[in-house]
Amino acid sequence: MSTPDQHAKPLDTLARLVALVAAASLCAMVLILGWQVFGRYVLNASPGWTEPIALTLMSLSALSGAALGVRQETHFSFPTLLESLPAPARRTLKTLSRLLACAFGGALAYYGGTLMLDSWDVPLAGAPVPEGLSFAGLLVGGSLIAIFAIERAVLGDPPAEHG
Amino acid sequence: MAIRLRSMADRMETAILFGVFALLLVLGAPVAFAIACAALATVISLGLPPAVVIQQVAAGFGKVSLLAIPLFIFTGELMLRGGMSEKLIALASSLVGHLRGGLGQVTVVSSTLFGGVSGSALADVSAIGSTVIPQMQKRGFSKDYAVDVTISAALVALLLPPSHNLILYAAVAGGGISIADLFAAGIIPALMLAAAIMVAAYVLARRRGYPTEVFPGWRAVATRLAAALPGLLLVFVIFGGIRAGVFTAVESGAVAVLYALMVTAVVFRSLSWAEFQKAAMHAARASGVVLFVIGAAGAFGWLMAYLQIPAAAVEFLSSLTDERHVVLLLIIATLLALGTFMDLAPMIIICTPIFLPLARAFEIAPLHFGVILVLAAGIGLITPPVGSVLFVGSAIGGISIAEAMRSIWPFYLAAVVVLLLVAFVPALSLWLPGVWR
């Protein structure tokens, strides 16, 4: 059993930062899509950049959120067999599934990063930014998933959450 | 039986896809990672580049219509932290607290009202359950009753806007299904479900001799209605706005967040800056978890199409029977079974491409099928002993799953009866969209 004290402090800071970025991206999506409605009815012009940019932000926000879900282990799982096993076997399986998450996070970051670099010179349809930017969420989120999965594999179960 | 996959090799890949997925799931890996790793293993064994999976994950949640999901989740968080659920519980309590089963009935009505605001069964159980379950226990209701009435009432939320499940279904089913029509199709089934659960709550409360609340008088009802009205109006803003074509479903999400902010932070001044930050962070994480599984399921779905599994499934089920009602029953039985160990989002993404073509082949309307799918998958969430909402509810009520199972059956039965009625009487879901079109 781990206590909050066992938490690596730098990772706490990182998680806090990730939560802020994810939340800020979400708020930016609200404003951008709100602007889209405002633009259509008040300015009489529908901006074309709003949806592709909102999608890029969603990818960043969602994958950062998913990484935080890995840290707090809030991803949906089917624990029936796991719960019925003796503690050592349970610990082994949990570690295995955390390493699996780490491996997939790594794959997401590696291939996402490749996609990002490959399409950096192509402009995003509808907005004056590189198309590669829309894959940045994969690189960032994938790396974070891998980092937080390793944290869980090393430190064990996350501490209970408040608020 | 004529399952004709393209070749022996494809049959092998199909076995890898489902085998790895099932194995990882049983071993306790999170569903999203089990799905993603199964897809990765299959792609590697097919000799395709692994980047394909990552591309499909990105495409899986890179759809414009899915932008509505984080926004609706954010809206629910704001309404919850802004104290809207308490106002709705107060209103429900003055309306139905004096019926047999008192607080049990209040829970059902609160979930129906708040369901429209949160759109998520889990949010519902956490919001309504954490307020009502302890109160029920204090007033002599047994814990299992308190938990079971709450978790079954939470299913109502799945069918009401802003439930993102119907939006997800529309996105996966591929163009041609109007979200406004889907929302309209869910309304009568949702109300029927609420009524059925209230009847079950009544019968059980009568048998166990549970107390009722005192009717506070119409004046109190009116005061509480006035307090809850801004929250209730949210549903009409979303639904009316989409229906009237004022904004798209995605834009309605942004409008809903701004509306919720106005109501909680400006009108009621019940949302502090700290609570707002918490709401945004929680919403980002919760939607991240949902969207991640949607992305992973997107890769899984792409592979299913690549291996022509939906076509094989249609062929297989059509070879069993050509009787429409039997096919419908088979679909429902499969969905209920799968729903017990799958989350809603992957259920919708993986089952839609398999069963929607089948439904179409047997002239079941896509709108009608969408409601059946979400309802059946939702019932899976409370199916003992493994449903995830059952887990959350039991945790809030502080009881074991075994205890919670003691009185789940009347509620479960009520929900299944509604499911069968909705499945076999298409007018229940198709009438309203037709009228409002």
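Select chain A and color by burial: 47% of its 163 residues count as buried, meaning under 20% relative accessible area with a 1.4 Å probe, protein chains only. Keep in mind that this is a predicted model, where local features need pLDDT of at least 70, side-chain atom pairs count only at pLDDT 80 or more, and totals for chains, interfaces and linings use all residues. Residues are numbered from 1 along each chain as its sequence is written, chains are lettered from A and ligands numbered from 1 in the order in which they are written, and side-chain values use heavy atoms, with hydrogens and water left out.

Switch to cartoon view. Chain A shows five helices and zero strands (DSSP runs: H or I of at least four residues for helices, E of at least two for strands). Along the principal axes, the C-alpha atoms of chain A fill a box of roughly 65 × 35 × 30 Å.

Next, bring up chain B. Here 53 residues of chain A are in contact with 56 residues of chain B (heavy atoms within 4.5 Å). Pick out A:Phe76, A:Phe78 and A:Phe104: they supply 18% of the area that chain A buries against chain B, more than any other three residues (accessible area, 1.4 Å probe, that two parts lose on being put together, summed over both).

Last stop: show the side chains of A:Arg40 and B:Glu251, which meet in a salt bridge at 2.7 Å, N to O (a Lys or Arg side-chain nitrogen within 4 Å of an Asp or Glu carboxyl oxygen). The count between chain A and chain B is one salt bridge.

Terms used:
Buried < 20%, exposed > 50% of the residue type's maximum accessible area, 1.4 Å probe, protein only.
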